[in-house]
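Here are a few notes to go with the structure, written for someone meeting it for the first time. Keep the picture open while you read.

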Amino acid sequence: MKLKDVAALLNSSGIDEPQKEAEALLSLLLKVDRTAIYLNDPYIADEVILPLIRSRQRRQPLAYIVGEVEFYGLRITVGTGVLIPRPETELLVVEAIRALSARPQPTLRVLDLCTGSGCIALSIARAYPHSHVIAIDASEAALDYARVNSTINNIHNVEFLQGDLFAPIRDRLTVPLLTFTGGFSLIISNPPYIKSPDIDGLQPEIRLYEPPEALDGGTDGLTFYRRILAAAGDYLSTDGLIMLEIGDDQATDITDIASATNFKSVIIKKDYAQRERFAIIQR
Ligand SMILES: C[S@@+](CC[C@H](N)C(=O)[O-])C[C@H]1O[C@@H](n2cnc3c(N)ncnc32)[C@H](O)[C@@H]1O
């Protein structure tokens, strides 16, 4: 079977970008880049490619089949049990790095809540090699990926902790990287924010394969924002920032929650599609 045959099969199964996905599958199996596939138009045996095509026909996400994605220049391994980092989350990282560079500090402490694959924590830690980053997730499976991602990208200034939001640092005041004098310069999070009733309507790649606990933000999608903002003041430095990825219909609610939890400044940023997707919050 050749590239065009793989693309045709994917297309007939209703896959959105069949050509791009066919290229990705061939380059994975042949361990060559996409240019080489176009130059050589290689043949690949049916018994090698068909199991992968069948996985895609069952709507297993391409990223899980390939086993990794690129995120902000990092290799991020993914698979069952961890959310696939989304390109728009790179914009949250860009905003965070920009904000931190505008306010240089002798000790930079960053807390990434709901870290998943570690993509946000690792990107910031690499940009600021002398920072201390603590990354927390409730899921041990996700943290296994995050730790692998830390190793393969040779980033060693992130400490990964398992638990419910702030609990691991609340309960373990002995966390080596953290002395609470001063608090965190940045608390950043891309928490679960899909409304529970909306989960059934998501595309099958997400609904059937990505971990539900990475998606479900409670009945109104806001549970995690309420919990994070209610507690963040105890862990944030005086002039620290909170940066959150939000759903594109949540800006007003987030602004209200921030004000109810005594944060006076909320700046909402848009993504490339001009949707309101990020909140930068301060005292
Ligand atoms: C939307 S995913 C974000 C993952 C990653 N930060 C990213 O941007 O790709 C949300 C993450 O929150 C984690 N999570 C869910 N409930 C949590 C809780 N109570 N405390 C900490 N993490 C939680 C999930 O395991 C999942 O990894």
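Predicted model: local features only at pLDDT ≥ 70, side-chain atom pairs only at ≥ 80, totals over all residues.

1. Start at the ligand. There are 21 residues around it, and C114, G116, A138, N190 and A214 are the closest. Two elements, α7 (119-127) and β4 (132-137), each give two or more residues to this shell. By type, the shell splits into 12 nonpolar, 6 polar and 3 charged residues.

2. Now the inside. In soluble globular proteins, nonpolar side chains tend to be buried together. Here the largest nonpolar core has 61 residues, and I124, L186, I187 and M243 touch the most other members. Helix α7 turns up again, giving this core its largest share, 6 residues. A separate core holds 14 residues, including A24, L25, I49 and L52.

3. Have a look at L186. Which residues does L186 contact, leaving aside its neighbours within four places in sequence? They are A96, L100, V110, G240, L241 and M243.

4. Buried in α8 are A142, L143, Y145, A146, N149 and S150. Seen down the axis, the buried residues of α8 fall within an arc of 155 degrees, so they line one face of the helix. On the other side of α8, E140 and T151 are exposed.

5. What covers that buried face? The cover over the buried residues of α8 includes β2 (74-77), α7, β4 and β5 (158-162). Just after α8, N154 has a positive phi of about 60 degrees.

Methods:
Residues numbered from 1 in each chain as written. Near = placed C-beta within 6 Å. Helix = DSSP H or I, 4+ residues; strand = E, 2+ residues; numbered from the N terminus. Nonpolar A, V, L, I, M, F, W, Y, C, P; charged D, E, K, R; others polar. Core = buried A, V, L, I, M, F, W, Y, C linked by C-beta atoms within 7 Å. Buried ≥ 20, exposed ≤ 12 C-beta atoms within 10 Å, placed from the backbone. Contact = placed C-beta atoms within 7 Å. Arc of directions from axis to C-beta.
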